[in-house]
Amino acid sequence: MGTAVLAGLGLGLSLIVAIGAQNAFVLRQGLRREHVAAVVAVCAVSDVVLILAGVGGTGAVLTRVPWLVDVVRVAGALFLGGYAVLAARRALRPAALAADAGGSRAGAGAVVGTALALTWLNPHVYLDTVLLLGSVAGTHGGDRWWFAAGACAASLLWFTGLGSGARVLRPVFARPAAWRVLDGVIAVVMATLAVSLLVGPGGITG
């Protein structure tokens with residue numbers, strides 16, 4: 001049991017602790033102190049649902065209908081491309097930035113909607129969280145649900161830490177120039193991910 005939990009925790013962290021669209025968004029909201037609890041809850045709960053689905057056998061279903069992943073791939077690329085444009089506009093327009101919050105506050109509905117889209121329109125979530133974690137969990141036999149518990153704990157710990165820990169960096173982002181850099185990086189990350197979804201290995205041209 002203990003070994004399975006630690007294995008799930010380790011693999012879960014190795015998959016989630018990376019510079020990506022979802023983490024970049026959580027970090028930005030944490031820095032702005034804008035609907036942080038809602039964003040963390042959406043990301044963490046979504047991860048838990050996907051992990052449990054993968055361990056429960058949904059991954060096997062996806063392997064039989066691969067076109068579903070392709071649909072999500074294209075939709076995700078379009079969404080990420082659009083978000084990259086918005087981030088680039090924020091970075092290129094100093095007047096849209098404020099030293100305290102990095103721009104005007106967005107409504108809770110818009111923020112939660114963006115968090116949901118960045119999570120559920122990301123095909124890597126299904127490939128990594130559902131297929132990979134689900135497959136590895138299967139190797140633990142009767143302890144696979146303990147493995148799932150460890151992976152779920154990894155997501156809860158990571159998103160909570162990222163969202164709440166971002167406040168440590170607030171002194172750095174007290175200057176509009178820092179927000180320009182952050183939004184510039186976010187724009188590059190989003191655009192790169194969008195392109196990789198379309199032309200990378202397994203993309204629609206691959």
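Buried means under 20% relative accessible area. The model used in these exercises is predicted.

**Exercise 1. Decide whether Cys-43 and Cys-152 are buried or exposed.**

Step 1. Take the cut-off: a residue under 20% is buried.
Step 2. Cys-152 has 9% relative accessibility, so Cys-152 is buried.
Step 3. Cys-43 has 1% relative accessibility, so Cys-43 is buried too.
Step 4. Now look for disulfides. A disulfide is a covalent bond between the sulfur atoms of two cysteines. The cut-off for the sulfur pair is within 2.5 Å. By this rule the count is 0 disulfides.

**Exercise 2. Describe the make-up of the protein chain.**

Step 1. Count the elements. The chain has 9 helices and 0 strands.
Step 2. Read their order from the N terminus: α-α-α-α-α-α-α-α-α.
Step 3. Turn to burial. The chain has 206 residues, and 41% of them count as buried.
Step 4. Check the contacts. Take those between residues at least 6 apart in sequence; 86% of them join residues at least 24 apart.

**Exercise 3. Work through helix α3.**

Step 1. Get its length. α3 holds 21 residues.
Step 2. Compare spans. From first C-alpha to last, α3 reaches 30 Å. The expected span uses 1.5 Å times one less than the number of residues. That gives 30 Å, and the helix comes close to it.
Step 3. List buried residues. Among them in α3 are Val-39, Cys-43, Asp-47, Leu-50 and Val-55.
Step 4. Look just past the helix. There, Gly-57 takes a positive phi of about 115°.

**Exercise 4. Find which residues touch the most other members of the largest nonpolar core.**

Step 1. Note the size. This core has 29 residues.
Step 2. Name the residues with the most contacts to other members. They are Phe-25, Val-39, Leu-80, Phe-159, Ile-186 and Met-190.
Step 3. Find the contributors. The elements giving two or more residues are α2 (21-32), α3 (36-56), α5 (67-92), α6 (108-120), α8 (144-165) and α9 (176-199).
Step 4. Pick the top contributor. α9 gives the most, with 7 residues.
Step 5. Zoom in on Ile-186. Leaving out residues up to four places away in sequence, Ile-186 touches Ala-24, Arg-28, Tyr-83 and Ala-87.
Step 6. Look for another core. A second, separate one has 10 residues, including Val-55, Leu-133, Phe-147 and Ala-148.

How values were computed: Residues numbered from 1 in each chain as written. Predicted model: local features only at pLDDT ≥ 70, side-chain atom pairs only at ≥ 80, totals over all residues. Heavy atoms only, no water. Buried < 20%, exposed > 50% of the residue type's maximum accessible area, 1.4 Å probe, protein only. Core = buried A, V, L, I, M, F, W, Y, C linked by side-chain atoms within 4.5 Å. Helix = DSSP H or I, 4+ residues; strand = E, 2+ residues; numbered from the N terminus. Contact = heavy atoms within 4.5 Å.
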